[in-house]
Amino acid sequence: MKEKLQGMSNLQQRVIAAVIAIPFLLFCIIYSDWTFYVLFALISVLAQLEFYKLLGLDGNEPLTYYGTFCGFILVTVTFLIEKGIIPYEDYYVLSPLMALIFFIKLYKSEDEKPFKNIAYTFLGVIYVALPFALIIILAFLTPDFRFSWQRPLGCLFLLWASDTGAYFAGTKFGKTKLFERVSPKKSWEGSIGGFVAAMLVSFVLTQYFDDLEDWQWYVCGAIIVVAGTYGDLVESLFKRSIKIKDSASTIPGHGGFLDRFDGLLLSVPFIITFLKMF
């Protein structure tokens, strides 16, 4: 099966992955708050493992499993608090868990650069797990704090539209390089195509999703286009620094989970802040 996929074009692989993955994602997001939590907790864990694995390829030694455990606890505690099962004070459990990173590295005498690897361990939690915890908060960011799948699903639709529009517009019309030093294939034409696609999907969301005002969906679309593009560039910079193309080959045509959700990692903090303030 893997050999057949490798013999297909990138577009064919993307279509097959979408046909298989999207119905599963939709089911998990819409069915219940628990399936929503399990889905994003799992994606967070897989993406964080990929992040630490890439650091290891460059000779670093982050605390892969303990750092991922801390990220999982962050996402889980966030969900339980937002659902009202445990109080906000339980966020404090993260403080000793994170502090233990220093203690663990203290006893790893073979690590020649412990503080660099401590920093990388923290970075995995902040860069990968924290945005997924914010996605959990986004789902409960309603007037009565009830779970609503519309906001996170709408943001995913906007991200997919932006990525798809940028892919096709960049492939067809791309000439003017957007940020050649980091990502030679990205173009301004592709970014414009992504923006147009995101605005079209924003319009569709205003017709069927009522969790946000119409203008808020358009602003969320613009945030995802801009911050999502930077998120993609940041991950490209990271991958170029260790001379690899994809974070993994888990998702045909897309690379790994870190590749697929990199735009969301930097978009969600801005979206949460925007919706909290306005």
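**A residue and its surroundings**

Mentor: Leaving aside its neighbours within four places in sequence, Ile43 is in contact (heavy atoms within 4.5 Å) with Leu25, Phe132, Phe257 and Phe261. This is a predicted model, in which local features need pLDDT of at least 70 and side-chain atom pairs count only at pLDDT 80 or more, while totals for chains, interfaces and linings use all residues. Residues are numbered from 1 along each chain as its sequence is written, and side-chain values use heavy atoms, with hydrogens and water left out.

Ile43 belongs to helix 3, which covers residues 33-57; helices (H or I, at least four residues) and strands (E, at least two) are DSSP runs numbered from the N terminus. Because its relative accessible area is 5%, Ile43 counts as buried; buried means under 20%, exposed over 50% and partly exposed in between, with a 1.4 Å probe and protein chains only. The C-alpha atom of Ile43 is 8.9 Å from that of Leu258, although 215 residues separate the two along the chain.

Tyr92 is located in the loop between helix 4 (64-82) and helix 5 (94-106).

The axes of helix 4 and helix 5 come within 10 Å and cross at roughly 175°; axes are lines fitted to C-alpha atoms, for helices over the stretch in contact, and angles run from 0 to 180 degrees between N-to-C directions. Helix 4 and helix 5 are therefore roughly antiparallel: angles under 35 degrees count as roughly parallel, over 145 as roughly antiparallel, 65 to 115 as roughly perpendicular and the rest as oblique. Tyr66, Phe69, Cys70, Ile73 and Leu74 of helix 4 meet Leu94, Leu97, Met98, Leu100, Ile101 and Ile104 of helix 5. The residues of this contact divide into 11 nonpolar, no polar and no charged; Ala, Val, Leu, Ile, Met, Phe, Trp, Tyr, Cys and Pro count as nonpolar, Asp, Glu, Lys and Arg as charged, and the others, Gly among them, as polar.
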